[in-house]
Amino acid sequence: MRTEPIISPEGRPIPVARPRHWGRLLAGTGAVLVFGWLVLLLVTNPNLDWSAVGRYLFDGQILAGILVTLEISVLATAIGLVLGVLLAVMRLAHNPVLRRLATLYIWFFRGTPLLVQLIFWYNLAFLFPVLVLRVPFTSVGVKWDTNEVMTGFTAAMLGLGLNLAAYFAETVRAGIQAVDRGQTEAAYALGMTPARRMRVIVLPQALRIIIPPTGNEFISMLKTTSLVYVVAGHDLMTNASQIYKSNNLIMELLIVASLWYMLMTAVATFLQGRLERRFGSDAVRLVRRSVTGRMFLPKVTA
Amino acid sequence: MSVVVAASGVRMGYGDTQVLHGVDFTVRQGEVSCVIGPSGSGKSTFLRCVNGLEPVLGGSLRVLGEEVGYTMGAGRYHPWTPKRFAAFRRNIGMVFQRFNLFAHQTALENVACAPIHVAGRTPAAARELAMRHLEQVGLAAHAHKRPHQLSGGQQQRVAIARALAMEPALMLFDEPTSALDPELVDEVLEVMKALARGGMTMIVVTHEIGFAREVGDTLTFFADGVVVESGRPEAVLAGPRHERTRTFLASVL
């Protein structure tokens, strides 16, 4: 907007009036009123005991749940990322068996509800009462009771991790395909095998494209872990629900859990922003270098 | 002089489109063989067949004493594995029109990459070797820059150094100056001339007729997937025997 006065033909400075945006003012005021009214309804609700929210916000069980939620999120994301890269490489392999197996995996884990998968892993003992890891045809090995291994925690970690891998594989595949095909040819021309080209040339560049979306996956995972409460994973949501089942302060504890989820999301969003600044410029350059319109970056949601 | 590349009746195509209709072509050791021709004539495709980036469908293509892509055994030819292809390509350097430098590595890392990951040298030895090759193309001062920080001419010189670091017996140039701004062409051609003077066996697909005349030992004209004519550059340029060659030369000179 212009800040200096306009000089008239006679050489006199004439000030410029501020433009008025009546439409904007009206829409803004209306939105604030509606929003404020909704907040007021919640805050002043006589059935809501705000002192209970304050009391439980730093409750030991809640804090322990936050720790478990973070642990599950980090471990499941790690499993998802590693397995996702493996699946993406399999999907792009020349070997038709590997390619179809990866497709089948992705179809299965994207095609069944996450809730079903969590309950499945938790109840694995019905199918395999004991888990045995043994050198074939010998007695050397270890044996576990499935019910001891498959706690809510491990079921959650496995279920969420394997599920994320299926989604993440598509992101990685797009990243791999975004790396300029000419560099692959240059790698071959220098005498690299396909595997070495993938490891030394393609993956390091694909990862720069993939890293920013992983932030989104992690943020999404923080909240998806709340599903773990069906298998009693002792995460934030499970613990909050256990408290409200005993004292019936359902809304208050949901608010407590939500506040913590929002805080974790805010912190993760901040970290993601830094991650993107670190790798983003590289990613943009790599994408711009790619040749064809085949290239796309997958849309991700927080 | 021993024969480095011997092609006879090489055919190649994608699906229904035939790109090479029987190419005959010979390169001897130490020769600089320049290839010209209109776009779509198959000259780049042929070059890519020489190091096995494209599969040959018919005829025979022998490079460095081997039938490209096949090993004779028990009276039959057995197709190469990707690993065998990789071993074959170690001895052949290639320079691309679009440079194709590794975007995540510095100039030095680009040159040191194959010595480390293909030839199995130690990183320290490879970096020293890479530095020597960068000096050769006049880019020692830019060793720690990434490709996007270099001009097209500098990138192409890094690409040449990268190929030379594997000490190849044959160098392939696929229109190395076609993607360059006109004022950057000469710095790349100078590096190639020095390489030619050093006795390197080279196949150069190019539009630089002046380079072909000055440096080339042979000049081959490709059109419609065949070799139309071939000979000493000055002879082909001064007195083309075929009408097709005459019209092409008239349009580029």
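Helices (H or I, at least four residues) are DSSP runs, numbered from the N terminus. The model shown is predicted: local features need pLDDT of at least 70, side-chain atom pairs count only at pLDDT 80 or more, and totals for chains, interfaces and linings use all residues. Residues are numbered from 1 along each chain as its sequence is written, and side-chain values use heavy atoms, with hydrogens and water left out.

**View 1. A nonpolar surface patch involving helix α1 of chain A.** A:F35, A:V39, A:L42, A:V43 and A:W50 together make a nonpolar patch of about 480 Å². Nonpolar side chains (Val, Leu, Ile, Met, Phe, Trp, Tyr) within 5 Å are joined in such a patch if their residues have over 30% relative accessible area and no salt bridge, the latter being a side-chain nitrogen of Lys or Arg within 4 Å of a carboxyl oxygen of Asp or Glu. Areas are from the Shrake-Rupley method with a 1.4 Å probe. Helix α1 (residues 22-43) gives the most to the patch, with four residues. A:W50 belongs to helix α2 (residues 50-57).

View 2. A:L203 counts as buried because its relative accessibility is 17%, buried meaning under 20%. Beyond neighbours within four places in sequence, A:L203 is in contact (heavy atoms within 4.5 Å) with A:V85, A:I176 and A:M198.

**View 3. The start of helix α3 of chain A.** A side-chain oxygen of A:D59 comes within 2.9 Å of the backbone nitrogen of A:Q61.

Methods: Chains are lettered from A and ligands numbered from 1 in the order in which they are written. Patches are made of residues with over 30% relative accessible area and no salt bridge: like charges are joined within 9 Å, nonpolar side chains (Val, Leu, Ile, Met, Phe, Trp, Tyr) within 5 Å. Helices (H or I, at least four residues) and strands (E, at least two) are DSSP runs, numbered from the N terminus. Buried means under 20% relative accessible area, exposed over 50%, partly exposed in between (1.4 Å probe, protein chains only). A polar contact is a pair of N or O atoms within 3.5 Å; within protein, one must be able to donate a hydrogen and the other to accept it, and residues adjacent in sequence count only if both atoms are side-chain atoms.
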